[in-house]
Amino acid sequence: MIWNDEFETLPREAIESLQLKRLQQVVERVYATVPFYQESFKKAGITPADVKSLDDLQKLPFTLKQDMRDNYPYGLFAVPLEQIVRIHASSGTTGKPTVVGYTRRDIETWTELMARSFVAAGANKGDVIHNAYGYGLFTGGLGAHYGAERVGASVIPMSGGNTKKQLMIMQDFGSTVLTCTPSYSLFLAEVAAEEGIDIKNLKLKVGILGAEPWSEKMRQEIEEKLNIKAIDIYGLSEILGPGVGIECVEAQNGLHIWEDHFIPEIINPETGEVLPVGEKGELVITTITKEGIPLIRYRTRDITRLIKEPCICGRTHARIERLSGRSDDMLIIRGVNVFPSQIESVLFNIEGVEPHYQLIVEREGNLDTLEVQVEVNEQTFSDEIKELQNLSNKIRKDIKDLLGVTCKVRLVEPKSITRSEGKAVRVIDNRQKSS
Amino acid sequence: MKVEQISIFIENKSGRLAEVSGVLGDAGVNIRALSLADTSDFGILRLIVNDTDLAFKVLREQNFTVSKTEVIGVEVPDSPGGLSSLLQTLDKNNINVEYMYAFVERSGDNAVIIFRFDDVDAAIEVLKNNNIKIIEGKKLTSI
């Protein structure tokens, strides 16, 4: 099934001519309305008139997450605030989130692309969509919600947490489609087993899972344990939210990027050079229809490759391969973005604590766990257990307050954190091995 | 009145206690009393030794996190109820015990208990007023 036959199956040449037209428009728009772009284009010696072909996109400067932070909160908006009808944000490094604004038309575009995504994943009118993505500043909940309503499905706005209640609703309301993070879907299966609920025999048929990296092996496990099709969805708030790309249920092989709204490129993360189609590198996305906060060549830091071969589903839009990593040190823990530098700044702000720390990420059962190891020093050491426990509680609470992620804090002896070549190893991620 | 105690941070890893006692033994430091408080992740080893400064120095050199704390050694009759009446006296006078542990050796006929109070000076005052014998620091480390 295809939601928007006309646009989803456009011939390649038609996609490209539409992309060029829209690219030229967006470049003119940001040049005229966003001082940041005017400056960065000038620095690169480029004017909007220089964009004559899609290849000219390579000449344009990149946009980094840091640029969004530097222009916090509204500096990159291309329209006056009166035209913004929704604001979302994602977590940031120093407590300041990355802010995005949507015009009415942006919300319409998002809704359309999520509707396409639902249908591509095998969901449609008549389905009961159990939306367990978080509602709030995070784009997951509301993004999926609007798309689900658009296709005419019955949406249950569950949001995250309260797993037993989720299971009860799933049974009683007859949920057929589940939207959440992949790890949460397995957690649901686990709790169901504990509660004696036969999750395999519920009405669930599809899981639309994203917001964190997962492997093919994990997909098999989810499909087996929940007896559903597990579909990978891609999105990031900077670009739109969920629905930037989706796997089709027919192929389950690569995620279609909606090319009438985004231009994907793959670059060498070291040099910034564009790589030939098919080579692995960092995904860069240009939004060509967005009004609120259009981004030119946004560096997603996600590592993948582009697939341009036609897909058996009939859609003509290019696909990206399942993400295989990041080109920076960002960790995604239970759907929350965590940079080691954020943890570091939390530690810096606690009297006496030195930023000698290490992050250990594991997948215990089906949930990610984060352990923060912090070296004790003479300033923070006390001969009383309760003082040390107060210290680790404070670290845990500050991390939870600032980053929204629950962690375990372990106090360790000084110099016990492995240092290699004088540089501390900050992150030990054991999840790949187990999933 | 007061005696210096050494506290050492120890991760819950096998062999750590042996390393601490090894470092002290090699330096010729004699342990007079000890207590280990532990959680699932770490422990605090508290020691009264015959040479506090030397112990402090050698442990630090081996990268242990060490601190000194003032504690008090109190004589308690080595008979049933001896400790109880002492603790009741402290409680009546609102003296809070952070932790306590027993000394290895006896002082004459009495047992020796090491106390860590949140308010050391107030505690000394109460003990004195109730004629409870506090052992001098120097005497304690050389028992």
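How many bridges join strand S8 (residues 241–247) of chain A to strand S9 (residues 255–257) of chain A? The structure is a predicted model, in which local features need pLDDT of at least 70, side-chain atom pairs count only at pLDDT 80 or more, and totals for chains, interfaces and linings use all residues. Residues are numbered from 1 along each chain as its sequence is written, while chains are lettered from A and ligands numbered from 1 in the order in which they are written.

Three bridges link S8 and S9 of chain A, and the two strands run antiparallel. Strands here are DSSP runs of E with at least two residues, helices are runs of H or I with at least four, and both are numbered from the N terminus.

The largest nonpolar core contains 85 residues, and Phe118(A), Ala121(A), Ala123(A), Ile231(A), Ile239(A) and Phe262(A) have the most contacts inside it. Such a core is a set of buried Ala, Val, Leu, Ile, Met, Phe, Trp, Tyr and Cys residues joined through C-beta atoms within 7 Å; a residue is buried if 20 or more other C-beta atoms lie within 10 Å of its own, with C-beta atoms placed from the backbone. Helix H5 (residues 104–120) of chain A supplies the largest share of this core, seven residues. A second, separate core of 58 residues includes Val374(A), Ile6(B), Phe42(B) and Val74(B).

Chain B has five helices and seven strands, following the pattern β-α-β-β-α-β-α-β-β-α-β-α along the sequence. Its C-alpha trace spans about 45 × 30 × 25 Å along the principal axes of chain B, and 30% of the 143 residues of chain B count as buried.

Where the chains meet, the contact (C-beta atoms, placed from the backbone, within 7 Å) takes 14 residues from chain B and 14 residues from chain A. On the side of chain B, strands S1 (2–11), S3 (42–49) and S4 (66–77) of chain B each give two or more residues.

Notes
Buried ≥ 20, exposed ≤ 12 C-beta atoms within 10 Å, placed from the backbone. Pairing = 2+ DSSP bridges. Contact = placed C-beta atoms within 7 Å.
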